[in-house]
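Visitor: I have a structure to go through and some questions about it. Can we take it piece by piece?

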Amino acid sequence: MSSHPRPALAVIGGSGFYDFFDNDATDVEIDTPYGTPSAPIAIGEVEGRAVAFLPRHGKRHQYAPHTLPYLANMWALRSLGVRRVLAPCAVGSLRADWGPGTVGVPAQLVDRTSGRMQTYFGGGGVHVSFADPYCDELRTAAIESAIPELPLKVGGTMVVVQGPRFSTRAESRWFAEQGWDLVNMTGHPEAVLARELELCYAAVALVTDLDAGLEEGDGVHAVDVFAEFERNLGPFKELIRRAIAAVPGEDTCDRCRVHAGVSLPFELP
């Protein structure tokens, strides 16, 4: 019998977000058909709810965006009973009015990655609806949990690039000209894998820098990104805690159930 509670909610921490629980938590080692996740999954309590926490890049930031075990991470969370995932992440801004310290709750995603395994389904007639990549219920919970220290921007589009390098100025300006608002390196395939597993999922993005097309001087540097994220980490964690309390229910919402009437090649965990 399992010695830990079933966590229906999960938080996947991004760059600089390597721990979450103030109280005692249980680390769970888990293997999957896709290997081991980025780190042992911690299970603790937040606002009276059992919550799983996984540091996306590992506890010591061992994984770069293009080497992350995305399939193992999402499968492991589902295996533990998770059905709803809040995904904090660090992002660059493509808009001058969304400066560092802003929290964005994007509504759309554009994939500009390459070579990443992005599906659990290698064949057959499984096609997943992804027109709206983020769960409305989780987005609403995050939006309603805004705190004064971090200005909130709602909606917009996050473009996900391959990394690990930052964008050139030309790339950054092109992204902005498309009307996109935020740039990130890990939001895909994480979001689509969540959808394939029928997990509610929403990105909650902390702006750490103005992207190269907006920034004067030498462009974006990793040391500055980490420093800005660290500066806002306390209030950002508080926003995520409030969002957990605001999430309605613990099961997958109807809109994120995408396999009705479809014969899957395997059973979801």
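Visitor: What does the side chain of aspartate 19 make a polar contact with?
Guide: The side chain of lysine 237, at 3.0 Å. A polar contact is a pair of N or O atoms within 3.5 Å; within protein, one must be able to donate a hydrogen and the other to accept it, and residues adjacent in sequence count only if both atoms are side-chain atoms. Keep in mind that this is a predicted model, where local features need pLDDT of at least 70 and side-chain atom pairs count only at pLDDT 80 or more, while totals for chains, interfaces and linings use all residues. Residues are numbered from 1 along each chain as its sequence is written, and side-chain values use heavy atoms, with hydrogens and water left out.

Visitor: Where is aspartate 19 placed?
Guide: In the loop between β1 (9-13) and β2 (26-28). Helices (H or I, at least four residues) and strands (E, at least two) are DSSP runs, numbered from the N terminus.

Visitor: Which residues is aspartate 19 in contact with, leaving aside neighbours within four places in sequence?
Guide: Phe53 and Lys237. Contact means heavy atoms within 4.5 Å.

Visitor: New topic. How many residues of α1 are buried?
Guide: Nine of its ten. Among them are Tyr70, Met74 and Trp75.

Visitor: What covers the buried residues of α1?
Guide: The cover includes β1, β3, β4, β5, α4 and β11.

Visitor: Which residues does methionine 74 touch?
Guide: Not counting residues up to four places away in sequence, methionine 74 touches several, including Ile12, Val85, Leu193 and Tyr201.

Visitor: Which residues touch the most other members in the largest nonpolar core?
Guide: Ile41, Met74, Val85, Met158 and Tyr201, out of 39 residues in that core. A nonpolar core is a set of buried Ala, Val, Leu, Ile, Met, Phe, Trp, Tyr and Cys residues joined through side-chain atoms within 4.5 Å.

Visitor: And which element gives the most to this core?
Guide: α1, with six residues. Apart from this core lies another, of 34 residues, among them Val51 and Phe229.

Visitor: What about strand β11, how many of its residues are buried?
Guide: Eleven of the eleven (residues 200-210), so β11 is largely enclosed by the rest of the structure.

Visitor: Do β5 and β11 run parallel or antiparallel?
Guide: Parallel, with ten bridges joining β5 (residues 84-93) to β11. Two strands pair if DSSP finds at least two bridges between them. Proline 88, for example, has valine 204 in β11 as its bridge partner. Strand β6 (residues 103-105) runs antiparallel to β11, with two bridges.

Visitor: Now the rings. How many aromatic pairs does the count come to?
Guide: 14. Rings of Phe, Tyr and Trp (its six-membered ring) pair if their centres lie within 6.5 Å; planes under 30 degrees apart count as stacked, over 60 as edge-to-face and the rest as tilted. Phenylalanine 121 and phenylalanine 266 are stacked, because their centres are 5.2 Å apart and their planes are at 15°.

Visitor: Why does the pair of tryptophan 174 and tryptophan 180 count as edge-to-face?
Guide: Because the planes are at 75°, with the ring centres 5.7 Å apart. Tryptophan 180 is buried at 14%, whereas tryptophan 174 is partly exposed at 34%.

Definitions and conventions
Buried means under 20% relative accessible area, exposed over 50%, partly exposed in between (1.4 Å probe, protein chains only).
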